[in-house]
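Biologist: Before we look at anything together, I would like to learn how to read charged pairs and helix contacts in a model such as this one. Could you take me through them case by case?

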Amino acid sequence: MAPTAAAAAARRPSPFSREVRRWRALRRMSQLELATLAGTTQRHLSFIESGRSAPGRAMVVRLAESLALSLRERNALLLTAGYAPAYEESLRDGASIEPAMTALRSILTGHLPYPAVVAGPRGELVLANAAFEVLAEGAAAHLLEPPVNVLRLALHPEGMGPRVANLAAWGRHITESLRARAAAHPDAGLDALAAELAGYLPAGAPPGPDHLGFAVPLRLRTAGGELRLLTTLTSFATAVDVTLAELHLEAFLPADPETAELLRRRAAARDATPPG
């Protein structure tokens, strides 16, 4: 007997099934690999991906975790399965994440006299310490109007770009990091930003076998001399709030004693300047 239209529709892959297959393909995982990570069987996962089985909420969460999805992506996957989001998305000035924001402000202050910023997922500036002024030195006013994008500021020809002595290598580090993030977590906004920033970089040959990538310090010209800066990135790995999980702290560290001394002198000059 031929199957009825209702029965055929019931076996048709759901939006959730298609999303699981899409993410699994993006992660280049087999059904067996994903099933093992999620604590289920390949047969059960096959039924989920074909639409023959509807997963419970706990299974959706385990699949999202096993696929290394961001909290925002996990919420979206839950919605496609018909469940409410599991992770809250607070306002950046909301009371629920104020303790974390207060902690970030303390870290920024404690990092002085070296620059440090807290930025959102597309480079939007959220917080900065007083030493941020060395990065913004000489930048066009429109790049410093909120919302400031620290990635655009770093490479723009009216921003830090002309002052970066190793612009090609430093810019490649930024654009490649953006593209890698967009590949792991597809986002048209990240793709567009990476393309824009790549347009600010000098044309040249691709990196050779001696290319050191992110290990190369940022070489930034300033009125007082050239700075050589290393960077570190910190995020809230155990955050359960979408907004907090998407923030990262970028701290700049001196790569040599001369840079450390120059930044100390700038800080002393700032502290000696009357406000206003």
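Modeller: Let us begin with Arg22, which is partly exposed at a relative accessible area of 37%, the term covering values between buried (under 20% relative accessible area) and exposed (over 50%), computed with a 1.4 Å probe and protein chains only. Please keep in mind that this is a predicted model, in which local features need pLDDT of at least 70 and side-chain atom pairs count only at pLDDT 80 or more, while totals for chains, interfaces and linings use all residues. Residues are numbered from 1 along each chain as its sequence is written, and side-chain values use heavy atoms, with hydrogens and water left out.

Biologist: With which residue does Arg22 form a salt bridge?

Modeller: In general, side chains of opposite charge can pair when their charged atoms come close. The criterion for a salt bridge is a side-chain nitrogen of Lys or Arg within 4 Å of a carboxyl oxygen of Asp or Glu. Arg22 meets this with Glu19, their closest N and O atoms being 2.9 Å apart, and Glu19 is itself partly exposed, with a relative accessible area of 23%. Both residues lie in helix α2 (residues 15-26), three residues apart, which is about one turn of the helix; helices here are DSSP runs of H or I with at least four residues, strands are runs of E with at least two, and both are numbered from the N terminus.

Biologist: Which parts of the chain does the pair of Glu246 and Arg72 tie together?

Modeller: The closest N and O atoms of Glu246 and Arg72 are 2.7 Å apart, and the two form a salt bridge. Glu246 sits in the loop between α12 (242-245) and β5 (248-254), whereas Arg72 belongs to helix α6, so the pair ties together parts that are 174 residues apart in sequence. Glu246 is partly exposed at 21% relative accessible area, and Arg72 also counts as partly exposed, at 38%.

Biologist: How many salt bridges are there in the whole structure, and which residues are joined into one network?

Modeller: A search of the whole structure finds 16 salt bridges. One of them links the side chains of Glu261 and Arg265 at 3.9 Å, N to O, and these two lie four residues apart in helix α13 (residues 257-272), about one turn of the helix. Salt bridges that share partners join Glu133, Glu137, Arg163, Arg266 and Arg270 into one network.

Biologist: How should I read the packing of helix α5 and helix α6, and at what angle do their axes cross?

Modeller: Axes are lines fitted to C-alpha atoms, for helices over the stretch in contact, and angles run from 0 to 180 degrees between N-to-C directions. The axes of α5 (residues 57-66) and α6 (residues 71-80) come within 10 Å and cross at roughly 145 degrees. The contact, meaning heavy atoms within 4.5 Å, is made by Arg57, Val60, Val61, Ala64 and Glu65 of α5 together with Arg74, Leu77 and Leu78 of α6.
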